[in-house]
Amino acid sequence: MRIDRRWAERNLGFDPISTPAPASTFAVRAAAKSANIEDLQREIIDFDSEGPEGQAFLAFTTATGLSRFTEIPWPKGLEPTTGKAPGGTAASPLPKADVLVVTWTVDEGHALSRVLTPGKDSRNDYRSYTHNFANISKNMRAGCPALQAKRLGAYWTSSIGGKSVVVFKSDSHMSQDGPKLPNIDVWTQIITEVQPKLVITTGTAGGIGTQFEVGDVVVSPIVRFDCTAKFKSQPFHDAHYSSGAPKPKFFAKAKTLFKANSGQLPKDNTRQPKIVKVALSAPDSCVLTTDFFGFDTSNDHYHLQGLGDVSEMGDAILGLVASKMGPEAPRWVAVRNVSDPQIKAEGTLKEQAALAAQIYKGFGRWSSVCSAIVCWALIAAE
């Protein structure tokens, strides 16, 4: 699928270029005024469909909020069971668990918590995590999300089929924390504390190529850096990393479970969301981590085509950390849902970025429900 302004009109109810959304619909007001690409990147991280800006966005558009969420008909004995309040305090280490699941933006957190920790929302209910914050935050740039939140993230626990799970919403980001990359320290710390057998990093991404629709999920044991901006001089700037193959036992079931909420995805979708399983033998099929807010365009402006299936801004850090841990590293996998497909190269690049951001705001939470269900499938198969 290739999307354009007409697609936005049909699926969001407005054209972001000719009829810009009101400033009240933005979490980052600078993004409403200038459409600066860096501000739009931050807008995607901070936008909260459950907050005031989200309510204004839902009133202005035809998008729907998670109040429309339909409970998922889980297989008996494999339904996610939300844990009790974690012991200790915000400054305590994370509890040990079989699986660690990490997500990134506010709306990804809402969706993941709806699926994996029913009854506990990542924004309102999760336990703040501040362990070693004073030391790690010394390397963070002023204004980044973690410094503003005064924490590294928030978490809760769950269990699926007898496997214990820590669900972590990170406030630390490769793209936001600054040149010293303290996100590496955060990853290292939370993996060391949880001691999981499996780590999943999950959330939204931009589809590369026209084969993807909103809600499709890429499951990849391969991550690759494409650093041509902030970190182009780093030795890892074009490195790729791989882990053990994920277990697809429940993927067919996961696709049937998409149906409970797939009606909230764009009406232009032509089919139910698909799951793309990346093979270790497919070097051009992976999750691609950029150090810039890039997205696929019909003229391949950012030269992403041929490098991976989807692009985002952080997962390869997990591969880097695991490579440094060596034999002690757990298995890991990147689970990314397509929140915005390829963008038609029309108008300016800023206008294309604004279109991608508005599509995320309209459907990021709903496409993240799909990737959260795939996370369930991977955990259930452990």
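In the predicted model, helix α3 is mostly covered, with seven of its ten residues buried. The buried positions are Ile37, Leu40, Gln41, Arg42, Glu43, Ile44 and Ile45. The cover over these residues includes α2 (29-34), α5 (106-116), α7 and α11 (349-380). At the start of α3, a side-chain oxygen of Asn36 comes to within 2.8 Å of the backbone nitrogen of Glu38.

A search of the whole structure returns three cavities of 30 Å³ or more. The largest cavity has a volume of about 410 Å³ and is lined by 29 residues. Nearest its centre lie Ile44, Thr204, Glu312, Met313 and Arg336; Ile44 is also among the buried residues of α3. At least two lining residues of the largest cavity come from each of α3, β7 (198-207), β13 (310-312), β14 (331-340) and α11. By class, this lining comprises eleven nonpolar, 13 polar and five charged residues.

The second largest cavity holds about 60 Å³ of space. Its lining consists of Arg5, Ile17, Ile343, Lys344, Glu346, Gly347, Glu351, Gln352 and Leu355. Helix α11 provides the largest share of this lining, three residues. Three of the lining residues of the second largest cavity are nonpolar, two are polar and four are charged.

Among the open sites, the largest pocket has a volume of about 230 Å³. The lining of the largest pocket numbers 15 residues, and those nearest the pocket centre are Val106, Ala149, Arg151, Lys169 and Asp171. Both α3 (37-46) and α7 (145-149) supply at least two residues of the lining.

The structure holds 15 aromatic pairs. One of them, formed by Phe225 and Tyr241, is edge-to-face, with 6.2 Å centre to centre and 85° between the planes. Phe225 belongs to strand β9 (residues 222-226) and Tyr241 to strand β10 (residues 240-242), so the pair ties together parts that lie 16 residues apart in sequence. Phe225 is buried, with a relative accessible area of 1%; Tyr241 is likewise buried, at 13%. Elsewhere, ring pairs join Phe14, Phe47, Phe57 and Phe60 into a cluster.

Terms used. Residues are numbered from 1 along each chain as its sequence is written. This is a predicted model: local features need pLDDT of at least 70, side-chain atom pairs count only at pLDDT 80 or more; totals for chains, interfaces and linings use all residues. Side-chain values use heavy atoms; hydrogens and water are left out. On a 1 Å grid over the protein atoms alone, a cavity is a set of points where a 1.4 Å probe fits but cannot get out, and a pocket is an open set with protein on both sides within 12 Å along at least five of seven lines; lining residues have an atom within 4 Å of a point. Grid points are joined across faces, edges and corners, and a volume is the space filled by probe spheres set on the points. Helices (H or I, at least four residues) and strands (E, at least two) are DSSP runs, numbered from the N terminus. Buried means under 20% relative accessible area, exposed over 50%, partly exposed in between (1.4 Å probe, protein chains only). Contact means heavy atoms within 4.5 Å. A polar contact is a pair of N or O atoms within 3.5 Å; within protein, one must be able to donate a hydrogen and the other to accept it, and residues adjacent in sequence count only if both atoms are side-chain atoms. Rings of Phe, Tyr and Trp (its six-membered ring) pair if their centres lie within 6.5 Å; planes under 30 degrees apart count as stacked, over 60 as edge-to-face and the rest as tilted. Ala, Val, Leu, Ile, Met, Phe, Trp, Tyr, Cys and Pro count as nonpolar, Asp, Glu, Lys and Arg as charged, and the others, Gly among them, as polar.
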